[in-house]
Amino acid sequence: MSSKAYRVALSASGAALGAIAAYWALLAARQDHILFDTRKLPVVALSDDFSTYSHTVPGGMVRGYVYHPHGEAALQDLFIYFAGRGEDVRTTAKALHWLPEGFGFAAVNYRGMADSEGHPSEIASVADAVQLANHLRRGFPSARLHVVGRSLGSGVAIQLVAQQTFTSLQLITPYDSMLEVAKKRFPLVPLSLLLRHQFNSLAHCIGVAAKTQVLLAEHDDVVLPERSAKLIAAWPTPVSVKTIRGSDHHSIIDLEMTWLLLVDFALTAVLAMPEAV
């Protein structure tokens with residue numbers, strides 16, 4: 001190779017490496033918004049069956065909603081829900097008509113997502129989850145609390161239930177760690193060095209004692225089956241696993257069967273409580 005050709009090749013290699021480094025730097029800088037998908041969505045109006053919830057965080061307010069259509073006094077079981085990536089919990093509310101009498105639903109939008117303000121992060125999401133749970137314990141002292149986490153939110157749910165006692169935990173399309181999920185989307189990026197929010201559910205699940213159910217999508221190309229299987233294999237207690245036929249990663253939360261199974265397992269967990277014997 002001539003010296004000129006060598007210089008051209010060296011220059012091209014340097015440009016390529018520079019482009020790769022710039023791409024990595026952009027991912028590192030924007031990862032919070034990419035992971036949580038903080039794009040603003042159309043406003044969703046809710047009925048009078050919902051009451052509002054909020055607490056102050058750096059940069060504004062975290063906002064959430066509590067669904068109790070038959071009044072607070074009739075609320076016996078309450079699902080505390082942690083959403084998937086980019087999911088506005090007000091949109092999820094359209095499926096709540098499948099909940100039977102006595103059941104309610106509570107959720108917050110992650111910081112920076114939908115109508116919540118502030119900066120999203122793993123630490124912030126878990127802190128907000130703890131604050132919401134504490135509020136619900138005070139506001140609905142006689143209700144049994146059941147935690148539900150979907151996809152991204154399964155990592156939040158697991159960390160919450162590892163810290164507090166709940167009647168049941170249900171995970172929809174969960175993963176072993178966000179690091180492993182992200183490797184599929186960004187195979188050439190050194191994510192182990194760059195990813196700040198790894199949601200290592202394998203590490204946190206060892207603290208979970210609640211009765212647990214996992215609901216899987218029949219067709220999931222976001223959280224691959226092996227990611228859920230690895231978490232299930234590591235679970236410290238017996239876990240019920242069901243697959244929702246005809247579902248994919250996105251549609252599973254909108255299906256009637258998903259909600260029927262959530263309710264059925266919650267009631268089974270209630271019957272297994274010592275005071276129910």
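# Looking inside a predicted model

Reader: How does the lining of the largest cavity divide into nonpolar, polar and charged residues?

Author: This model is predicted, so to speak with care: local features need pLDDT of at least 70, side-chain atom pairs count only at pLDDT 80 or more, and totals for chains, interfaces and linings use all residues. Residues are numbered from 1 along each chain as its sequence is written, and side-chain values use heavy atoms, leaving out hydrogens and water. Ala, Val, Leu, Ile, Met, Phe, Trp, Tyr, Cys and Pro count as nonpolar, Asp, Glu, Lys and Arg as charged, and the others, Gly among them, as polar. The lining splits into four nonpolar, four polar and no charged.

Reader: What volume does that cavity have?

Author: On a 1 Å grid over the protein atoms alone, a cavity is a set of points where a 1.4 Å probe fits but cannot get out, and lining residues have an atom within 4 Å of a point. Among those lining this one are His-68, Pro-69 and Phe-103. Points join across faces, edges and corners, and the space filled by probe spheres set on them comes to about 30 Å³.

Reader: How far apart are the end C-alpha atoms of helix α9?

Author: Helices are DSSP runs (H or I, at least four residues), numbered from the N terminus. The expected span is 1.5 Å times one less than the number of residues, so the 16 residues of α9 (256-271) should span 22 Å. That agrees with the model's distance, 23 Å.

Reader: What share of the chain's residues is buried?

Author: Buried means under 20% relative accessible area (1.4 Å probe, protein chains only). In α9, Trp-259 and Phe-265 are among the buried residues. Across the 277 residues of the chain, the share is 50%.

Methods
On a 1 Å grid over the protein atoms alone, a cavity is a set of points where a 1.4 Å probe fits but cannot get out, and a pocket is an open set with protein on both sides within 12 Å along at least five of seven lines; lining residues have an atom within 4 Å of a point. Helices (H or I, at least four residues) and strands (E, at least two) are DSSP runs, numbered from the N terminus.
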